[in-house]
Amino acid sequence: MDALLQDLRYAVRTLRASPLFTITAVLSLAVGLAGTTAIFSFADFLFRSRPGITDAARLAEVGRTDS
């Protein structure tokens with residue numbers, strides 16, 4: 001546990017020493033996460049939403065059988 005705390009302190013100290021790199025890294029992660037979330041939300045809506053069928057009794061399955 002002490003090694004983890006020591007590593008975290010070192011990481012914070014390093015990131016504080018170079019603020020431009022820190023801002024660039026944080027913004028890059030934010031843009032990447034936001035883009036991934038947006039694409040997943042769109043794909044989830046597109047593939048998991050059910051079509052609005054008003055008269056389900058009139059549905060028929062059309063297919064081909066190979067004989």
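## Salt bridge

A salt bridge is a side-chain nitrogen of Lys or Arg within 4 Å of a carboxyl oxygen of Asp or Glu. By this rule the count comes to one salt bridge. Side chains of opposite charge can pair when their charged atoms come close.

The partners are arginine 48 and aspartate 44, whose closest N and O atoms are 3.4 Å apart. Both residues lie in helix H2 (residues 19-48), four residues apart, about one turn of the helix. Arginine 48 is exposed, with a relative accessible area of 68%, whereas aspartate 44 is partly exposed at 28%. Here buried means under 20% relative accessible area, exposed over 50%, and partly exposed in between, with a 1.4 Å probe and protein chains only.

## Basis of the model

This is a predicted model, in which local features need pLDDT of at least 70 and side-chain atom pairs count only at pLDDT 80 or more, while totals for chains, interfaces and linings use all residues. Residues are numbered from 1 along each chain as its sequence is written, and side-chain values use heavy atoms, with hydrogens and water left out.

## Overall form

The protein chain holds two helices and zero strands; these are DSSP runs, H or I of at least four residues for helices and E of at least two for strands, numbered from the N terminus. The radius of gyration of the protein chain is 26 Å, well over the 11 Å that the globule rule gives for 67 residues, so the chain is more spread out than a compact globule. That radius is taken over C-alpha atoms, and the globule rule is 2.2 Å times the number of residues to the power 0.38. Along its principal axes the C-alpha trace spans about 70 × 25 × 25 Å.

Phenylalanine 21 belongs to helix H2 and is exposed, with a relative accessible area of 55%. Phenylalanine 21 and arginine 58 are 37 residues apart in sequence and 61 Å apart in space, C-alpha to C-alpha.

## Surface

Of the 67 residues of the protein chain, 1% count as buried. The chain exposes about 6800 Å², and carbon and sulfur atoms supply 65% of that area. Accessible areas come from the Shrake-Rupley method with a 1.4 Å probe; for residues, only the protein chains shown count as cover.

Met1, Leu4, Leu5 and Leu8 form a nonpolar surface patch with about 440 Å² of accessible area together. Such a patch joins nonpolar side chains (Val, Leu, Ile, Met, Phe, Trp, Tyr) within 5 Å, from residues with over 30% relative accessible area and no salt bridge. Methionine 1 sits in the segment before helix H1 (2-17) and is exposed at 76% relative accessible area.

How values were computed: Patch = residues over 30% accessible without salt bridge, like charges linked within 9 Å, V, L, I, M, F, W, Y side chains within 5 Å.
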